[in-house]
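Work through the exercises below with the sequence and the structure side by side, and try each task before you read its solution.

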Amino acid sequence: MQSSPHSTSRARLLAIALIAWLEFLQNGLLNFASSQVMGGIGAGPEEFSRAAMAYALCAVVALFNHQWCVERFGSRRHLQASIVLFALGALIAGAAESPDGFIAGRAIQGLGGAAFFTAARLEVAQLPLAKRGLGLVAFGQALLLGSALGPLLGGWLLQAHGWRALCWGVLPFLPPALWAARLLPLRPPAPRPGHYPAQSFVWLLAAVFLLQWLIQQMPYQLFGHPQWLAAAGAAGIVSYALFRSLHRRRASDRRRWRLLRRPGYRMGLFGYSCCYLLVSANSYILPMLTVQALGFDLPTSGLLLSISYLAGMLFALLYAGLLLRGRAPGLRQTLLASCALLAAYGWLMSGLNGEAGVGRLTLILLLNGGFMSLFIMSVAQSTFRTIAPAAFAHAYQTKNIVRQVSISAGVALASVFMQERNALHYNRLAERFSWDAWQFNDALHLLREQLPNLSDTQRLGVLAGELARQATLISCLDFFRLEVWIALALAGCLLALRAAD
């Protein structure tokens, strides 16, 4: 008995969703509790950002090889092997006793996890035209759901089982993904698979590594060893030039890559980069704000962090409905509206104080969800509408390479930003942490009245903890003020482009 076309389409949509959300779920789990993971493996912010760099580095290489692997092994085998690699990386990262072990696990996860987003999106492109809009909605909702469940599940896992469960928490979802891979149409290996020069991968790896290292090390080395940064930048440019030269001359699919040389596509990549960089930086900093600065418990913090993504799901459904009815506003108007939401979000977050409650934070985080959904959906529309079908797979591979680099850069830059601002504000606040400062004596006197059973030494420990909390809070508010300026800059670029049209 054969299944109906309707049930087959629903099965494919379910399979697409089960594949698409895995990477976002894992990254949501880890970004939610970056501080606890760092404490568990004995790492600092710089070493944690190296793990993000290793993931992105391996993911970029895997993405560049995505089409080659599909043509060599077939789509189903490639996807199943990627799921197994992702599971292996999760086991190694969760069992790590040092930063090096965690970095190795995340690198292996990058090799496997890079395939999920691209494979799921390419499956959407293979759906019948009448079902493609529904496929895009299912794909987008799966990504947002994975991002929302990351902190929700992470808060419970961390409190109940510790930081290792954040790595292993994705494992129960991998068997359903293996089952989903069998539901997708089987595309066997190509009779004449493409070939790339092996040396080009070496130069690509070198170029991406040097770019990531440059982003991560710039705040540390800019004034101490600027010659190292200059050397790394020059080496990165040379590596990329050698990669491009080899690929243009000897890769079998070089003609399809030439179809991507369109201004609209390149502007779209810039938009993607900005959005993913901001989203990853927010995901890194928001847990610090809610747990360390505002003092919420882990489950409450996880719920708050998921609000943005749950709101994003609602905004995405609303916008998709308007698109299907032909009543959606123009792309430029939607992008400007998303920039306004980002500016409002940054401005309201920068006005928080230590007494901010759950209700107020929830309302503000709704704005962030609106920005994410509207901005990314508009950018997606404008980026791929002029791409020829023959070049779509290559266009999406390139887009996902930009996504991985941007996510890694967002984590690295956010960790360095918080480290630098925390040091600055802590030192400024510590100037008043002395017996000569009236604020210090007043605070100590108040603690003597409120906590009479503690010794002065214990009360000093309480004040030192409050000092660290205040420094973290002010640093987070600095980040949100920066987001306001970024939103205004993006809006200014959009208006300038409109004037130039």
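Helices and strands are named here as DSSP runs, a helix having at least four residues and a strand at least two, and they are numbered from the N terminus. Keep in mind throughout that this is a predicted model.

**Exercise 1. The second largest cavity**

Task: Find which elements each supply at least two residues of the lining of the second largest cavity, and describe that lining by class.

Solution. Begin with the space itself, which amounts to about 60 Å³ in the second largest cavity. Next, locate the lining residues, which include Phe-32, Ala-33, Ser-34, Gln-36, Pro-287, Met-288 and Leu-298. When the lining is assigned to elements, α3 (34-41) and α14 (263-293) are found to supply at least two residues each, and α14 provides the largest share, with 4 residues. Finally, sort by class: the lining has 6 nonpolar and 4 polar residues, and no charged ones.

**Exercise 2. The largest cavity**

Task: State how many cavities of 30 Å³ or more the structure holds, and describe what lines the largest cavity.

Solution. The structure holds 3 cavities of 30 Å³ or more, and the largest cavity has a volume of about 150 Å³. Of the 14 residues that line the largest cavity, Asn-27, Asn-31, Ala-52, Arg-106 and Val-411 are the closest to its centre. Two or more lining residues come from each of α2 (22-32), α4 (45-64), α7 (99-125) and α18 (392-430), with α4 giving the most, 5 residues. By class, this lining is made up of 9 nonpolar, 4 polar and 1 charged residues.

**Exercise 3. A glutamine in a helix**

**Exercise 4. From the core to the largest pocket**

Task: Find which residues have the most contacts inside the largest nonpolar core, and then look for one of them in the lining of the largest pocket.

Solution. In soluble globular proteins, nonpolar side chains tend to be buried together. Here the largest nonpolar core has 135 residues, and those with the most contacts inside it are Phe-102, Phe-139, Leu-289 and Met-349. The largest share of this core, 15 residues, comes from α14.

Now follow Phe-139, which touches Ile-16, Ala-20, Phe-117, Ala-120, Arg-121, Val-124 and Tyr-396, when residues up to four places away in sequence are not counted. Phe-139 is also among the lining residues nearest the centre of the largest pocket, together with Gly-140, Leu-143, Ile-376 and Met-377. That pocket holds about 1,300 Å³ of space and is lined by 49 residues. Of the elements, α8 (129-161) gives the most to the lining, with 11 residues. The lining divides into 29 nonpolar, 14 polar and 6 charged residues.

**Exercise 5. Aromatic rings**

Task: Explain why the pair formed by the rings of Phe-417 and Phe-479 is described as it is, and name the aromatic cluster that holds them.

Solution. A pair of aromatic rings is described by the distance of the centres and the angle of the planes. The structure holds 9 aromatic pairs. In the pair of Phe-417 and Phe-479, the ring centres are 6.1 Å apart and the planes stand at 70°, so the pair is edge-to-face, given that planes over 60 degrees apart count in this way. The pair links distant parts of the chain, with Phe-417 in helix α18 and Phe-479 in helix α20 (residues 456-500), 62 residues apart.

Phe-479 is buried, with a relative accessible area of 6%. The rings of Phe-479 and Phe-480 have centres 5.4 Å apart and planes at 70°, so this pair is edge-to-face too. Phe-480 is likewise buried, with a relative accessible area of 0%. One aromatic cluster is formed by Tyr-345, Phe-417, Phe-479 and Phe-480.

Technical notes
Residues are numbered from 1 along each chain as its sequence is written. This is a predicted model: local features need pLDDT of at least 70, side-chain atom pairs count only at pLDDT 80 or more; totals for chains, interfaces and linings use all residues. Side-chain values use heavy atoms; hydrogens and water are left out. On a 1 Å grid over the protein atoms alone, a cavity is a set of points where a 1.4 Å probe fits but cannot get out, and a pocket is an open set with protein on both sides within 12 Å along at least five of seven lines; lining residues have an atom within 4 Å of a point. Grid points are joined across faces, edges and corners, and a volume is the space filled by probe spheres set on the points. Ala, Val, Leu, Ile, Met, Phe, Trp, Tyr, Cys and Pro count as nonpolar, Asp, Glu, Lys and Arg as charged, and the others, Gly among them, as polar. A nonpolar core is a set of buried Ala, Val, Leu, Ile, Met, Phe, Trp, Tyr and Cys residues joined through side-chain atoms within 4.5 Å. Buried means under 20% relative accessible area, exposed over 50%, partly exposed in between (1.4 Å probe, protein chains only). Contact means heavy atoms within 4.5 Å. Rings of Phe, Tyr and Trp (its six-membered ring) pair if their centres lie within 6.5 Å; planes under 30 degrees apart count as stacked, over 60 as edge-to-face and the rest as tilted.
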